[in-house]
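User: I am new to this structure. Can you show me how to read it, one feature at a time?

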Amino acid sequence: MNNQNLNYAAPIFGSDAEAQILPQEYLNDSPIEPRLAYQLIKDELLDEGNARQNLATFCQTYMEPEATQIMSETLEKNAIDKSEYPRTTELENSCVRILAHLWNVPDSCKFIGTSTVGSSEACMLGGLAMKFRWRTRAQQAGIDTNAKKPNLVISSGYQVCWEKFCVYWDIELREVPMDEQHKSLDPAQITKYIDDYTIGVVGILGITYTGMLDDIKGLDAVLEEYNKKAKVSVPIHVDGASGGMFCPFLDPQLVWDFRLKNVVSISTSGHKYGLVYPGIGWVIWKDEEFLPKELIFSVSYLGGELPTIAINFSRSASQIIGQYYNFLRFGFDGYKAIHQRTRDVAQFLAKGVEDTGYFEVINKAEVLPIVCYKLKESPTRKWQLNDLTDRLLMKGWQVPTYPLPKNLEHVMLQRYVCRADFGMQMAHNFLQDFTMAIKELDEANISFYPSQTKEGRGFNHSK
Ligand SMILES: *Cc1c(COP(=O)(O)O)cnc(C)c1O
């Protein structure tokens, strides 16, 4: 029977389409009804994990119904088409200004910035600007810019986007290793790694592995000294993927942003603590002088020309609108309240983990709402963190176990990234499941029964 001849009253699960395997190599010959297509795809995704129980991801897993409504009603708007959508462009520009002010840009500076798909694109742009600026300044200083590859200095706790940046644009990645004492960038080490070919140093506000912060103020002080004598001064880009939209609300006294002289650009993920669904990031340069003109292209806008900096061209503006919705809806105090509650939950979890006595807690969510810990040594324990990951998954919780990077790869960690939609009651339930999982592992055996057992199980008609 041809689907097109089906009566709309035909039950979905009695339809022809439900009797087929979904197309995986070639298109179907004929169309199917929208309600069937919807159901088939919905069902295909049925056994995926529950995003809200995923403690591994930094990405937003909840937005308000009104936010998703305005976002789904604006899906067709093309963010790059500034002449057709000038109001959308203004919302984007407002977001850039709000962020620049949140990051304490000095009044005397002419900042410039853009939305991106995420931090990865934002980091690429920040890195590219540093590369182009380095080349011009190095040539002016009489350095042979072709003699060696330019380099970028970053702690070994970098996110993979920096490795991509260096590979794509042929830059040497100089890793400052982390060690037991320094599970973030050690500013005292920095000068060993920089030279006339250094395009910049990246400070990470929220190391993906541990949730700890690089000491960007300390880094700025070391570079300030170095730059006094350097032929080519070395700037800082802050990768604030997670912290950039968290710290300004809860820890405004923490100085990591444009208040520091050598911080020239900052990137962040709107879809992490900016509280928007995946697909939005931001990068801002403190002043136009830090974004070389070669990287700016123009698109037409209201009969004039508007600069664009992004690597991508067309994409939906709905994520930008979602970001603006959150800014308008929450305001400063709203973000602060949400982040404070998230951090309280993370600290509650850190305490719960510590109280079991099994773990050394490395990050207790003092700043970012991220908890990570390793197992204490024990001669009798027969299980590993991986076993705990498996047990927790039986209750639907996704908790990653992974090694630290280079130099510390023998250290296995487990991490929770707490997000706005993870409430105290969920945390309470999680800890119950966590404690139970540990108990089960402690008691686990291939067989649950002692080898000499004389007692059978189950009703057998003999008694
Ligand atoms: C998540 C993350 C990135 C990449 O961000 P996307 O928005 O996923 O592209 C870059 N740097 C750090 C420190 C991160 O945590």
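Analyst: Let us start at the ligand. A polar side-chain atom of S269 is 2.8 Å from a ligand oxygen atom. Keep in mind that the model is predicted.

User: How many residues are around the ligand, and which come nearest?

Analyst: There are 13 residues around the ligand. S119, S120, D239, H271 and K272 come nearest.

User: How does that shell divide by class?

Analyst: Eight of its residues are polar, three are nonpolar and two are charged.

User: Now the whole chain. Into which domains is the protein divided?

Analyst: Domain 1 covers 6-48, domain 2 covers 69-326 and domain 3 covers 338-443. Take domains 2 and 3 as a pair. Their C-alpha centres are 31 Å apart.

User: How do I read an interface between two domains?

Analyst: Interface size is often given as the accessible area lost when the parts come together. Between domain 2 and domain 3, about 2,100 Å² is buried. Carbon and sulfur atoms give 67% of that area. On the domain 2 side, Y209, F246 and Y273 lose the most area to domain 3, together 29% of what this side buries.

User: How many residues of each domain are in contact?

Analyst: Domain 2 brings 26 residues into contact with 26 residues of domain 3.

User: What polar links and salt bridges does the rule find across this interface?

Analyst: The rule finds 10 residue pairs in polar contact across the interface of domain 2 and domain 3. It also finds two salt bridges there.

User: What do the side chains of R343 and D251 form?

Analyst: They meet in a salt bridge, with N to O at 2.9 Å.

Technical notes
Residues numbered from 1 in each chain as written. Predicted model: local features only at pLDDT ≥ 70, side-chain atom pairs only at ≥ 80, totals over all residues. Heavy atoms only, no water. Near = heavy atom within 4 Å. Polar contact = N/O pair within 3.5 Å; in protein donor to acceptor, adjacent residues only side chain to side chain. Nonpolar A, V, L, I, M, F, W, Y, C, P; charged D, E, K, R; others polar. Domains from an automatic or database assignment. Contact = heavy atoms within 4.5 Å. Buried area = accessible area lost by both parts, 1.4 Å probe. Salt bridge = Lys/Arg side-chain N within 4 Å of Asp/Glu carboxyl O.
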